[in-house]
Amino acid sequence: RVGGGPCQRGPRIGVMHGVWVDGPVEGHLRLTKHRDKPGRVGRVGTLPGGSDVNISSMQVGRLHARGAALMILTLDDPVPDAVRDQIAMFADVEEVKTARL
């Protein structure tokens with residue numbers, strides 16, 4: 001579901017895969033569906049920096065503690081496919097998608 005309102009700048013993502021997140025619908029996006037575990041956000045968030053790609057926003061939502069979770073990274077530049085493949089190999093990462101809006 002995509003929404004927006006008078007206090008928000010442009011459209012926002014609301015619910016995706018049943019998980020509530022509040023992310024912008026613009027730029028280079030990296031979406032990760034994973035199991036909520038300690039350290040997962042840090043590992044996934046560190047990799048773009050290794051390719052000199054800055055994260056402009058990060059939103060994480062989950063159904064419940066240590067359950068299904070969704071992370072949306074808004075990036076200044078696209079991340080190389082090799083980084084996406086590296087993230088996909090992490091334990092408990094179910095899906096990694098990229099989009100440019």
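Figure 1. At a relative accessibility of 37%, Lys-37 counts as partly exposed, a class that lies between buried (under 20% relative accessible area) and exposed (over 50%), judged with a 1.4 Å probe and protein chains only. The model is predicted, so local features need pLDDT of at least 70 and side-chain atom pairs count only at pLDDT 80 or more, whereas totals for chains, interfaces and linings use all residues. Residues are numbered from 1 along each chain as its sequence is written, and side-chain values use heavy atoms, with hydrogens and water left out. Lys-37 forms a salt bridge with Asp-92, and the closest N and O atoms are 2.9 Å apart; a salt bridge is a side-chain nitrogen of Lys or Arg within 4 Å of a carboxyl oxygen of Asp or Glu. Because Lys-37 lies in the loop between strand 4 and helix 1, and Asp-92 in the loop between helix 2 (81–88) and strand 7 (93–100), the pair ties together parts that are 55 residues apart in sequence. Helices (H or I, at least four residues) and strands (E, at least two) are DSSP runs, numbered from the N terminus. Asp-92 is partly exposed, at 31% relative accessibility.

**Figure 2. The salt bridge between Arg-62 and Asp-36.** A search of the whole structure finds six salt bridges. In one of them, Arg-62 is joined to Asp-36, with 2.6 Å between the closest N and O atoms. The pair links distant parts of the chain, 26 residues apart: Arg-62 is in strand 5, and Asp-36 is in the loop between strand 4 (28–35) and helix 1 (40–50). Asp-36 is buried, with a relative accessible area of 18%, while Arg-62 counts as partly exposed at 49%.

Figure 3. Arg-84 forms a salt bridge with Asp-81, the closest N and O atoms lying 3.3 Å apart. Because the two residues are three apart in helix 2, about one helical turn separates Arg-84 from Asp-81. Arg-84 is partly exposed, at 24% relative accessibility. Elsewhere, salt bridges that share partners join Lys-37, Arg-40 and Asp-92 into one network.

Figure 4. Arg-40, Val-44, Gly-45, Leu-47 and Pro-48 are buried in helix 1. Viewed down the helix axis, the buried residues fall within an arc of 145°, so they line one face of helix 1; the arc is that of the directions from the helix axis to the C-beta atoms. Thr-46, Gly-49 and Gly-50 are exposed on the other side of helix 1. The cover over the buried residues of helix 1 includes strand 4, strand 5, strand 6 (68–75), helix 2 and strand 7, where contact means heavy atoms within 4.5 Å. Just after helix 1, Asp-52 has a positive phi of about 60°.

**Figure 5. Strand 6 and its partners.** Seven of the eight residues of strand 6 are buried, so strand 6 is largely enclosed by the rest of the structure. Strand 4 pairs with strand 6 in the antiparallel sense over eight bridges; two strands pair if DSSP finds at least two bridges between them. The bridge partner of Leu-29 in strand 6 is Thr-74. Strand 5 and strand 6 also run antiparallel, joined by seven bridges, and Arg-62 stands opposite Ala-69 in strand 6. Strand 5 and strand 6 form a hairpin with five residues between them, and in the turn Arg-66 has a positive phi of about 65°.
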